Amino acid sequence: MQRKVKSIVGLTVVNVFFILLCFVTLVPILYALSVSLNANNSLLSVDFSFIPKAFTLANYKAVFVDEPIMLWLKNSFVLAVSTLLISLGTGIPAAYVFSRKTFPGRKPILRTLILLYAFPSLLSMTALYKLLSPMGLINTKLGLIIVYTGTEAVFALWNMKGYFDTIPYEIEEAAMIDGASPTQIVWRIVMPLAKPTIAVTAMMVLIYVWNEYIFAVNFMTGSDTYTLAAGLYSLQATEMSGNWPIFAAASIVVSIPILIVFFALQRNMTTGLTSGGVKG
Amino acid sequence: MKESKRQQILRCYAWAAPSLLLILMIVIFPILYTGYISLTNMNVYHWTNYTFIGLKNYADALLVFDNGFLKALGMTVVWTIVSMVLQLVVAFVLASLLNIKGLKLKNLYKTLLIFPWAMPGYVSILLWKTGMFNSQFGLLNQWMAKIGHGPVRWLNGDMSAFWCCTLVNLWLALPFMITIIDGALQSIDRSFYESAVLDGANWLERTFYITVPMIKPIIGPSVVITVFTTFKQFDVVYLLTQQVGAKTGADIHTIMTYAYENAFITNNYGYSSAVSIIIFVMLILFSVVINMKPKEVRD
Amino acid sequence: MKKRVISLLMAVSVMTGLTLSGCGNTSSAASDPSTIVIWHDKEDAVAEVLQEQLNTLNPDVQVVLEKKSDLTESLKMVGNDPNSAPDMYIFAHDKIGVYAEMGILSPITDIIPQEELDVYMDETIDAATYKGEIYQLPIYYETLLFMYNRLYMKDDEVPTTTEELYQYMQENTAGGHYGFVEQHSTPYYAAGWINGFGGQILDSDGNANLDSTEVIDALNYHKKFVELMPGETEYATVNTLFSSGMAHATIAGPWMIPTVKENGMDVGVAAMPTIDETGTPIAPYMGVQGVQVLRNAAEKKHDSVEKVLRVLMDPEVEVKLAAASGCAPANESCYDLDEIKNDEVVMMMKQTADHAVPMSNRPEMDVMWTVLGNLLTDVNMSDKDVTESVKSAQAQAESLIESMR
């Protein structure tokens with residue numbers, strides 16, 4: 001009985017802690033939300049309050065009416081889904097062989113891949129431009145998809161390999177004795193067991209594509225080709241022009257689809273990002 | 001039999017080829033290209049007609065690497081260590097708390113805690129800079145005023161600016177860390193703990209003898225990647241304190257903001273490329289020195 | 001098997017994608033000589049006026065105005081690539097040197113005879129000239145202006161000298177209110193003080209000139225003003241202080257005026273105060289906004305480019321821009337028109353332009369913004385010794401300029 005009381009008290013303390021922590025974490029975002037809902041048009045104000053004194057939805061209306069945000073959403077969606085499919089389509093077989101097979105070059109390649117993260121990529125854009133331009137891939141979605149897929153490929157490979165490592169090999173051996181081909185093993189046995197890591201890799205790719213604006217701004221021209229992040233970037237107020245509250249509203253709007261995916265994937269993510277044993 | 005072995009190897013490479021090809025194009029090609037440009041005099045005055053000038057850019061770059069550079073390097077190392085320790089400890093504690101049995105709202109808390117992930121970084125940094133730290137209008141100073149304290153210039157002094165940058169970086173990085181540590185914690189077999197409890201191990205002992213060693217290999221690669229990105233961090237420090245026209249008076253530079261102000265703004269691509277390659281090599285050496293390599297789970 | 005097929009398909013689709021898009025997908029506008037793409041970074045009001053005027057060329061020439069984020073960086077990357085580069089761009093004159101050296105710009109005089117450019121104010125043509133060639137067709141220019149909020153500062157209280165300004169600041173700065181604010185440590189703004197002392201940030205040969213006595217005097221003198229201003233130099237803080245009525249006066253660009261008027265402020269513009277020490281007014285930088293032609297377009301689309309330029313040379317465009325967004329016409333003849341004469345803001349810019357200094361258009365200027373920014377921060381915000389800071393800034397500038405080459 002005493003133990004139960006103790007645990008209830010403990011849980012209450014933890015719950016209170018998390019409620020406070022979530023609030024503290026969200027303060028900057030609540031700030032943006034409040035700015036976007038405030039009719040008194042300013043990013044900065046002397047007496048800020050989280051609940052706007054003059055409530056308005058005009059900024060959100062402006063985002064949807066004055067800006068082609070649905071078109072940006074469509075562009076982002078197309079890019080995200082294509083990048084996702086190619087990332088997984090190339091990443092899963094690669095992660096599988098790096099996890100399961102031994103072959104010359106395997107270890108050096110794995111080590112080298114992670115060291116590539118040490119490169120300061122501030123100048124990479126020019127190089128990629130020189131690579132993609134002769135192929136006519138500048139100003140095409142395909143060009144961006146290739147850049148995004150390549151950028152996320154190392155993470156996808158390492159992350160899924162790590163998870164595959166934890167799946168007991170015996171299950172596959174059993175299938176092999178039954179005469180299953182390697183492709184069948186991956187498709188029918190490893191993939192279902194690795195659903196969580198696939199979901200999380202997908203998540204990472206999605207976040208990256210959703211938030212990436214530097215390539216999207218520089219490799220694409222014309223506002224009809226903008227992704228959400230690039231569109232948001234173009235709405236950013238400068239000293240000469242722009243409107244902070246609309247920008248704040250747009251930031252909130254852009255983050256909502258990702259949040260929905262976060263929540264939907266939560267169940268998978270808990271066992272997904274790294275290892276997690278085989279509970280399937 | 002020998003033939004079949006070779007076939008097997010070929011098949012392994014065939015499976016990995018599409019992924020490796022993409023990495024080759026998008027990640028390795030820029031590095032090679034940067035290496036090549038670093039040996040030329042490509043700059044504003046020789047934009048298309050650049051020629052091969054050997055190692056001159058490297059000589060120039062090393063000459064410019066003076067006290068300011070060493071200071072930035074020292075600061076970058078401190079910054080990386082502080083940030084990583086904070087990230088790992090805080091994320092570990094939070095992930096452990098999230099895994100307490102009976103926490104019903106776990107998924108809601110987690111979604112809210114990883115919200116910072118859902119916005120492009122520059123938007124978040126801007127929100128912090130103008131919304132929180134601004135000395136005239138920022139929320140922090142409005143709160144300070146409420147408790148009767150005068151305005152504080154958060155980003156002005158070196159020390160306070162450093163901690164502000166660390167805080168923002170922590171805020172940006174925690175979602176990723178919490179997620180991977182939380183995932184790693186799930187993979188530990190509960191039976192280990194049960195027997196440890198029977199042996200009379202307390203929470204601290206369990207943490208250090210079971211939890212930490214168990215999750216280490218799993219989170220290894222992600223931690224290595226995070227160390228690299230923290231070391232190369234540019235946005236947080238630059239946008240909070242060093243942006244032209246919005247400098248705050250704090251003299252804090254990471255190796256990247258220093259390289260930016262002392263090389264990249266010259267529009268001299270040959271020279272900037274040499275600086276990039278030098279930083280690349282230094283970072284790899286750094287990782288070798290502290291013997292940082294992801295553990296292979298199955299060798 | 002299935003998997004292998006899939007990965008094979010992936011690889012094939014990537015490859016075909018590579019080759020296919022190589023043939024067909026490049027922007028068709030690039031090759032069509034009757035389509036002209038113009039990049040710009042201007043506010044909507046300006047872009048609308050320009051687009052409307054350029055539409056008069058339809059269907060002969062179709063002009064696409066594209067607002068481009070990060071325009072200057074993109075241009076460096078795509079400038080030589082006829083498939084991705086624009087045909088022209090509209091931007092301030094200060095990047096001309098960089099692009100001219102890179103070889104992506106065509107002199108305007110290749111298309112429009114030089115005599116026809118005589119209608120423009122001399123300052124604007126000077127600004128557009130780099131190494132003897134004119135690379136920009138001026139449209140309008142802007143300078144910073146002295147602005148005040150009539151609620152606090154009466155017309156007869158407007159300081160005519162900097163000492164009067166200082167006195168006003170001392171009397172009116174307290175409790176979160178400021179007599180005067182400016183972006184004190186932002187190079188573009190602080191340059192007005194340095195120029196007013198006769199200092200030169202970059203000389204006409206591209207040498208840094210930060211360790212001159214003029215610069216040191218200017219920084220020393222300016223510092224006492226900075227002490228009565230907020231600790232932040234960035235525009236959001238400074239402009240909000242003025243527009244929310246917490247600062248009585250400011251030095252800001254003409255783009256501020258529509259915003260504060262919208263907030264209901266009775267805003268006045270006045271001549272820059274005269275610096276007591278030198279007897280010359282604060283002399284801000286002048287930025288000339290105009291159109292530049294890329295070399296590829298000048299070669300391949302000569303006729304269309306000329307038509308576009310001629311539309312933009314029509315003084316009518318400049319008058320409309322003045323009405324739409326307070327842009328000061330570059331064409332001298334506009335100042336004879338009543339619409340312009342009655343425009344207080346434009347006329348004040350014209351008056352300020354007499355002392356204003358066109359920004360340097362040399363490539364070296366790119367690094368000076370950062371160096372000067374650091375210098376101002378050191379002196380104004382970190383309380384470092386002026387003479388020493390100036391010395392180290394000069395050394396940094398010299399080394400950066402050296403490493404540009």
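Biologist: Let me start with one residue: is C:Pro82 buried, partly exposed or exposed?

Modeller: Good place to begin! A residue is buried if 20 or more other C-beta atoms lie within 10 Å of its own, exposed if 12 or fewer, and partly exposed in between, with C-beta atoms placed from the backbone. C:Pro82 has 18 other C-beta atoms within 10 Å, so it is partly exposed. It lies in the loop between helix H4 (71–78) and strand S3 (88–92) of chain C. Helices (H or I, at least four residues) and strands (E, at least two) are DSSP runs, numbered from the N terminus.

Biologist: What should I know about the model and its numbering?

Modeller: This is a predicted model, in which local features need pLDDT of at least 70 and side-chain atom pairs count only at pLDDT 80 or more, while totals for chains, interfaces and linings use all residues. Residues are numbered from 1 along each chain as its sequence is written, and chains are lettered from A and ligands numbered from 1 in the order in which they are written.

Biologist: Which residues have a positive phi without being glycine?

Modeller: Phi is a backbone angle, and two cases are worth a look. A:Asn139 has a positive phi of about 70°, and this residue sits in the loop between H5 and H6 of chain A. A:Asn139 is buried, because 22 other C-beta atoms lie within 10 Å. The other case is C:Asp70, with phi near 55°, in the loop between S2 and H4 of chain C. C:Asp70 counts as partly exposed because it has 15 C-beta neighbours inside 10 Å.

Biologist: Which two residues does a cis peptide bond join?

Modeller: Here we read the omega angle. The cis bond joins C:Asn58 and C:Pro59, with omega about -5°. C:Pro59 is in the loop between helix H3 (44–54) and strand S2 (62–67) of chain C.

Biologist: How many helices and strands does chain B have?

Modeller: Chain B has twelve helices and zero strands. Its C-alpha atoms fill a box of roughly 85 × 75 × 30 Å along the principal axes. Of the 299 residues in chain B, 47% are buried.

Biologist: Why is helix H10 (residues 235–242) of chain B described as largely enclosed?

Modeller: Count its buried residues. Six of the eight residues of this helix are buried, so it is largely enclosed by the rest of the structure. Among the buried ones in H10(B) are B:Val236, B:Leu239 and B:Gln242. The buried residues of H10(B) pack against helix H5 (121–133), helix H7 (158–186) and helix H11 (255–262) of chain B.

Biologist: How many residues does each chain bring to the contact between chain A and chain B?

Modeller: Two residues are in contact if their C-beta atoms, placed from the backbone, lie within 7 Å. Chain A and chain B each bring 76 residues. On the side of chain A that touches chain B, the largest share, twelve residues, comes from H6(A). That side has 49 nonpolar, 23 polar and four charged residues. In these classes, Ala, Val, Leu, Ile, Met, Phe, Trp, Tyr, Cys and Pro count as nonpolar, Asp, Glu, Lys and Arg as charged, and the others, Gly among them, as polar.

Biologist: And how many residues of chain B are in contact with chain C?

Modeller: There, 29 residues of chain B are in contact with 33 residues of chain C. The largest share of chain B's side, three residues, comes from H1(B). By class, that side has twelve nonpolar, twelve polar and five charged residues.
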